[in-house]
Every structure is written in C-alpha cells, then in structure tokens.
Amino acid sequence: KSANQGFNYALAGAILADMAFQNKTAINAKGRLELVDPGDSGDPILDPLLHKILSTERQRRLVYWISIISAKPKKLRRKIVASLYAKNVILREDDRFLGIAQVDQGENSYSVKFQLKTSLRAGILAGEAIDLHSLALLGLLRSARLLQLVFTADEQRMARRRIQEAIVREALENQSAQMIEEIDAAVVACL
C-alpha cells in the first residue's frame with residue numbers, strides 16, 4: 001500500500017494511543033479494544049470515537065478500529081490541523097497552512113518540528129531518555145514504514161531495531177507501552 005495509506009494508519013494508531021494514555025481504553029484478554037472510562041475526554045477528535053466504540057454491539061480488534069478511523073483521511077486531517085492550530089503548534093491563515101510554530105529560547109529560535117526530530121533522534125541514536133509519547137510516535141513511524149521522516153537511510157535499520165527494543169523493554173513495566181505494542185502490530189496488519 002502507499003506511503004499515504006501508511007500515514008493514515010499511523011494517524012489512526014496515534015489516536016488510539018492517545019486514548020490509551022488517557023486511560024480511556026485497554027486491550028482485553030481476547031485482544032479486543034474495550035472502554036475503561038466511557039466519559040468524555042474533552043478532545044474533539046477522541047470524543048466522537050469514544051462514543052462510536054461505546055455504541056458498537058460488540059468489542060472489536062484494533063485492526064478494525066484503525067480501518068474505521070483511517071477510512072476518511074481528509075476529514076481526520078482537517079480535525080487534527082484544527083486541533084494543532086488551537087494549540088498554537090501550526091500557523092494558518094484563511095484555511096491555508098503557513099508553517100510550523102517557532103520555539104523561541106533567547107538567542108535560539110527553531111521550529112517545533114526540529115525540536116521533535118532532534119529529541120526522537122537523540123532518544124534512539126544516542127540512547128538518551130525518551131518519554132512514552134515519543135516512543136509511541138516512533139513505534140507508529142516504524143510500523144507504518146515512515147522512519148525516513150526522522151532518520152537517514154543508513155540510520156533506519158539500527159533505529160528500527162532500537163525502537164523495537166525500547167518498546168519491549170518499556171512494555172515489561174508499563175501497561176500503556178503494552179498497548180503501544182498492540183497498536184503497532186495492528187498498523188502493520190493493516191498495511
């Protein structure tokens with residue numbers, strides 16, 4: 001499948017990971033997504049999905065939900081852009097994307113994108129501490145075959161291995177990291 005479809009699946013996986021980080025969902029013993037907390041999250045992207053999960057007749061596997069979420073990629077991307085704009089991460093004017101917001105620290109000014117890529121690269125290539133959200137992002141990029149967005153061609157093989165090792169290591173101690181593993185596997189299955 002196309003890189004574009006991989007990106008759509010990664011976005012869907014990110015939404016499911018966000019729900020898991022907010023302790024809204026979990027994977028049951030049968031490998032199906034279940035709601036742990038059916039209350040609203042206050043997020044315009046998550047809440048409609050939470051209601052959809054709640055209203056289904058039976059619990060479904062992650063692959064099903066990734067397919068459902070990624071079925072309307074333009075609508076999903078519009079919602080994500082609106083959310084990022086509301087959080088001042090991106091700049092836009094009259095529905096036109098103008099760029100990524102700058103982080104200003106004294107004499108140094110750099111984009112949020114640069115800061116994120118630098119942090120992700122340092123966590124994997126230099127072995128620096130990496131938070132669970134960054135690990136989830138890296139796992140999704142790996143699963144969706146999009147590591148070239150962060151790593152050079154000659155770094156990707158090592159990065160792929162180190163990301164997997166970091167997720168497995170974290171999953172031994174953290175239930176949210178176990179959910180990341182499950183989401184990553186579902187993204188791969190969708191491809």
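Buried means under 20% relative accessible area, exposed over 50%, and partly exposed in between, with a 1.4 Å probe and protein chains only. These legends describe a predicted model, where local features need pLDDT of at least 70, side-chain atom pairs count only at pLDDT 80 or more, and totals for chains, interfaces and linings use all residues. Residues are numbered from 1 along each chain as its sequence is written, and side-chain values use heavy atoms, leaving out hydrogens and water.

**View 1. R145, a non-glycine residue with positive phi.** The phi of R145 sits near 60 degrees, a positive value in a residue other than glycine. Most residues other than glycine have a negative phi. R145 lies in the loop between α6 (132-143) and α7 (156-171); helices here are DSSP runs of H or I with at least four residues, strands are runs of E with at least two, and both are numbered from the N terminus. Is R145 buried or exposed? It counts as exposed because its relative accessibility is 56%.

View 2. Look between α1 (3-21) and β1 to find N23 in its loop. Here too phi is positive, near 60 degrees, and N23 is not a glycine. With 52% relative accessibility, N23 counts as exposed.

**View 3. The open sheet of three strands.** The strand order is β1-β2-β3, and the pairing is antiparallel. A pair is called when DSSP finds at least two bridges between the strands. β1 (25-27) and β3 (60-61) are the edge strands, each pairing on one side only. Strands of a sheet pair through backbone hydrogen bonds, either parallel or antiparallel.

**View 4. The hairpin and its neighbour strand.** β1 and β2 make a hairpin with four residues between them, and G31 in the turn has a positive phi of about 80 degrees. What joins β1 to β2 (residues 32-35)? Three bridges do, in the antiparallel sense, and A26 stands opposite E34 in β2. On to β3: β2 pairs with it over two bridges, again antiparallel, with L33 opposite R60 in β3.

**View 5. Helix α3 against helix α8.** Helix α3 (residues 62-69) packs on helix α8 (residues 175-190) at an angle of about 65 degrees, with the axes 9 Å apart. The axes are lines fitted to C-alpha atoms, for helices over the stretch in contact, and angles run from 0 to 180 degrees between N-to-C directions. On the α3 side, L62, V63, I66 and S67 make the contact, and α8 brings E182, I183, A186, V187, A189 and C190; contact means heavy atoms within 4.5 Å. These residues divide into eight nonpolar, one polar and one charged. Nonpolar covers Ala, Val, Leu, Ile, Met, Phe, Trp, Tyr, Cys and Pro, charged covers Asp, Glu, Lys and Arg, and the others, Gly among them, are polar.

View 6. V188 belongs to helix α8. Its relative accessibility is 41%, so V188 counts as partly exposed. How many residues apart along the chain are V188 and A10? The answer is 178, while their C-alpha atoms are separated by 9.5 Å.
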